[in-house]
Amino acid sequence: MLSNRFIHILIPVISVFLGLIAGAIIMLLSGYNPLAGYAALWNGAFGDLYFAGETVRQITPYILSGLAVALAFRAGLFNIGVEGQVFMGWLASVWVGVSMDLPMVIHLPLAILAGALAGGLWGFIPGILKAKLYVHEVIVSIMLNYTALYIANSVIRNVITDQQDSTERVAESASFRSQWLDEVTGYSSIHFGFIVALISVFLVWFLLNKTTKGYELRAVGYNQHASRYSGMKVDRNIILAMVYSGALAGVAGTMQGLGTFEKMSVQSGFTNIGFDGIAVALIGGNTAIGVVLGAILFGVLKVGALNMPLAGVPTELVEIVIALIIFFVASGYIIRWALNRIERNTSKKVKEEKTHDTTRDA
Amino acid sequence: MILLEMLETILPVTLFWAAPLIFTALGGVFSERSGVVNIGLEGLMVIGAFSAIVFNLTFADTFGGATPWVSLSVAMFIGALFALIHAVVSITFRADQVVSGVALNFLALGVSIFLVKQWYGKGQTDMVDAPFYSTSIPVLGDIPIVGDMLFSSYATSYIAILLAFVVWYVVYKTPFGLRLRSVGEHPMASDTNGIKVERMRYIAVILSGAFAGVGGGVFALTISQNFASTTISGQGFMALAAMIFGKWHPLGAMGAALFFGFAQSLSDVGSSLPLLENVPSVYLLIAPYVLTILALAGFIGRADAPKALNIPYVKGSR
């Protein structure tokens, strides 16, 4: 039998492969050249330093929103509210960024912290409702997404500015952008936020795998009753998991606020960073390292897709490919079944050949 | 007198906004009663809206006055077909139902916008020529005051409300409904009694697709009147909330959808109403969402989800 661990890694890889093949078939059926389409995608993601910069910029918030979803998942919670938490983090960090005048060593960390706190607070609400009143976190966090959207818009219009549709730019002392990075990448929108993202990956990995708290979170996610029986405070772990998850999502928001846009404008809809984070976490098997790989995959697909119209292919094709990849990963059961089946057949053949050999020897 | 004027402004708008939510929430009731979570309602609405608009644009000349109705049936059919993906993946392939639903939302938006680009060469369609128009119901619509308030909205709104009673009858008073509910509560017991669990769930999910397709179609043909990536933005999730708010009961879901419609109409026309003109619009905008959370947190009493929700049924396992 194939080892479980190996299959765990194999399923996402096969899913990505199947998704890309399905995308190629759709391109063929719509009269496009799939090779040209994927070549355009590749060039759009890595073609030169400008595109590479854009790709890194896209990957950065995905790492954080993916971590947010993955962390909650590991504690048995489905945080579909990352979108709202991103909004709150974005808003809080920009607010600190525009309203204060401090040296960078204090200002930037303070702005990031504000984003994490705001996101964490937005995650605390579904967490405490789930822990104390058994209200399903999915529905509460969906509702909170809309609440966050409207509150953020209203705060931008009426509190931070005087009826403007956008805040001012954050102070330079609270910005991830750097002249040097801009020049090196041909003025792409890359910023130093990716360092924060990578530190977060390490922290989440450390928390989940090397600390008692992380062990508790995973235990609660695995079996609440057993965890309670062995003396863990299940309620508190549920709340904590949602707060941590929300804080990570909030930091994803700061990537937008202190990096990509350096401000916040009134939004007409969601950023989709949170919803894509679900896909990223899923592809990454809800592990910290996996999330990085998932985020890279999605960042490359999304940024590269913008270049696909050069080959005549609509950008939206990539959305279809992403959706199909999620379907394939989610249907891991059937892939596992197929893998075992293939393996059984081959091992049977090997056995038959062996028996042939022995008969011949005799 | 002020109150009457307010009602005259608000009630027709309420009915107008509630109709798509009612259809979709009723679909959600079927799916979740059978034990299959359907977060994909949003995507199913997208597909419904997309097919209704495309059909309407293409065949407005052929079908004349019947066009919006035929468009709705097409939306229903395509919605049902699309829901089949969710059924296969989450029932036969035993995928996590929430994840499958999320993927369905991605897929619906991707496919529909891809096809719009492909067929129309731009990100959104034109406005349809044959949308639904509001009609006054004969006799009832002629009653003074009440007629204007309640009986001069869209035909689809009345059908939605009527349908809620039909679905209630089906789910609670027919053998089919009994089987549906038993499959969602205790699939193994149902299986032992000879109910085909997987088939019931397939039927339920496909029905939810048909209903959500109509919901999306109604939204497209009464409210947005064209299709773009932002046409359906959260209505499916609202319908899902309405279904849970309504405790997985068809009439409860209808009530909740009407309430959401009411809240929506308040934020729509609130600024022109005498008592509400001074309330900052953000409160009216967030009201439906905050009220849903409060309601879930215990103001309407505990509601229990179907017990087998989100658990794939594997024959022979306990």
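The structure is a predicted model, in which local features need pLDDT of at least 70 and side-chain atom pairs count only at pLDDT 80 or more, whereas totals for chains, interfaces and linings use all residues. Residues are numbered from 1 along each chain as its sequence is written, chains are lettered from A and ligands numbered from 1 in the order in which they are written, and side-chain values use heavy atoms, with hydrogens and water left out.

Along the principal axes, the C-alpha atoms of chain B fill a box of roughly 65 × 50 × 40 Å. Chain B contains 12 helices and zero strands, where helices (H or I, at least four residues) and strands (E, at least two) are DSSP runs numbered from the N terminus. In sequence order the pattern is α-α-α-α-α-α-α-α-α-α-α-α. An unreviewed UniProt entry places the feature "transmembrane region" at residues 6–29, 36–57, 69–91, 98–120, 151–172, 202–221 and 282–301 of chain B; UniProt positions follow the numbering used here, feature names are shortened, and annotations may be inferred rather than shown by experiment. Residues 202–221 of chain B are 100% helix and 0% strand, with end C-alpha atoms 28 Å apart. Residues 36–57 of chain B are 77% helix and 0% strand, and their end C-alpha atoms lie 34 Å apart.

Chain A has 15 helices and zero strands. For its 362 residues a compact globule would have a radius of gyration near 21 Å, and the 23 Å of chain A agrees with this. The C-alpha atoms of chain A fill a box of roughly 90 × 60 × 35 Å along the principal axes. The spans that UniProt lists as "transmembrane region" in chain A (unreviewed entry) include residues 59–82 and 238–258. Over residues 238–258 of chain A the chain is 100% helix and 0% strand, and the end C-alpha atoms are 30 Å apart. Residues 59–82 of chain A are 71% helix and 0% strand, with 16 Å between the end C-alpha atoms.

At the interface, 39 residues of chain B are in contact (heavy atoms within 4.5 Å) with 38 residues of chain A. The two chains bury about 3,400 Å² between them, and carbon and sulfur atoms give 82% of this area; buried area is the accessible area (1.4 Å probe) that two parts lose on being put together, summed over both. On the chain B side, Phe106(B), Phe114(B) and Tyr289(B) lose the most area to chain A, together 20% of what that side buries.

One salt bridge is counted between chain B and chain A, defined as a side-chain nitrogen of Lys or Arg within 4 Å of a carboxyl oxygen of Asp or Glu. A salt bridge joins the side chains of Glu316(A) and Lys117(B), at 3.0 Å from N to O. Helix 3 (67–92), helix 4 (97–120), helix 10 (235–245) and helix 12 (281–299) of chain B each supply at least two residues of the side that touches chain A. Helix 4 of chain B provides the largest share of that side, 14 residues.

Note on methods:
Rg over C-alpha atoms; globule rule 2.2 N^0.38 Å.
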